[in-house]
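Q: I have a structure open and I'd like to learn how to read it. Can you walk me through it, one feature at a time?

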Amino acid sequence: RVHDPLSGRMIAQIFGASANALLEAGHAVRLETAHVDDNPVIMNGRVVTSGGSMLLSLSMRLGSVQLALAHLARNAFNRCLLMVNGQLEGLPVNLVPPGVVATGYGPVMKLALEQMVRVTDAAGPVSIFNQAVAAGLEDEAAFISLSAGRIKEQLDALDWLQAVEAMLACARIG
């Protein structure tokens, strides 16, 4: 029993909501890039959108992905805490056997915390910082790449956090 029943039961709610945010963002990307706008570009002989007139809906969908990733990180970190804080049945503090003097997996939780904070820090949507460019009508396009950059930072940190969680789970099983 690596995770407590409550944690296991709540995974479906967190992952389901996060998967939904990703699906909605994917649909928004498809809608916003599957048409030609007023600034078209020719690419490989095809007329495609320039991306210069992306709508707020796309920025908001990307912001929801950022928030969903922060929730995933929070829950992964909490599962890590459950495994190392000695509150789960049969699991000693820091996964150190009774009678052994060692730090165990306590220090690795600092890495897990740092990654969770990185994901959370990058969760703030950039679309709220509106600048009056082109009469305020096409401002959202400037934020798309910033949102994508934050999502990449979040995914990189989540990789580390999931590695820590997997290591802790393997240490408990092994």
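A: Let's start with salt bridges. A salt bridge is a side-chain nitrogen of Lys or Arg within 4 Å of a carboxyl oxygen of Asp or Glu. By that rule, this predicted model has four salt bridges. Because the model is predicted, local features need pLDDT of at least 70 and side-chain atom pairs count only at pLDDT 80 or more, while totals for chains, interfaces and linings use all residues. Residues are numbered from 1 along each chain as its sequence is written, and side-chain values use heavy atoms, leaving out hydrogens and water.

Q: Which residue forms a salt bridge with Glu-24?
A: Arg-61 does, and the closest N and O atoms are 3.1 Å apart. The pair links distant parts of the chain, with Glu-24 in helix α1 and Arg-61 in helix α2, 37 residues apart. Helices here are DSSP runs (H or I, at least four residues), numbered from the N terminus.

Q: Are Arg-79 and Glu-165 buried or exposed?
A: Buried means under 20% relative accessible area, exposed means over 50%, and partly exposed is in between (1.4 Å probe, protein chains only). Both Arg-79 and Glu-165 are buried. They form a salt bridge too, with the closest N and O atoms 2.6 Å apart. Arg-79 sits in helix α2 and Glu-165 in helix α4, 86 residues apart.

Q: Where do Glu-114 and Arg-118 lie?
A: Both are in helix α3, four residues apart, which is about one turn of the helix. Glu-114 is partly exposed at 36% relative accessibility, and Arg-118 is partly exposed at 47%.

Q: How many disulfides are there?
A: A disulfide is a covalent bond between the sulfur atoms of two cysteines. The rule asks for a pair of cysteine sulfur atoms within 2.5 Å, and the count comes to zero. As for cysteines, Cys-80 is buried at 0% relative accessible area, whereas Cys-170 is exposed at 54%.

Q: Which residues touch the most other members of the largest nonpolar core?
A: A nonpolar core is a set of buried Ala, Val, Leu, Ile, Met, Phe, Trp, Tyr and Cys residues joined through side-chain atoms within 4.5 Å. The largest one has 32 residues, and Leu-69, Met-109, Val-119, Leu-161 and Leu-168 touch the most other members. Helices α1, α2, α3 and α4 each supply at least two residues of this core, and the largest share, twelve residues, comes from α2.
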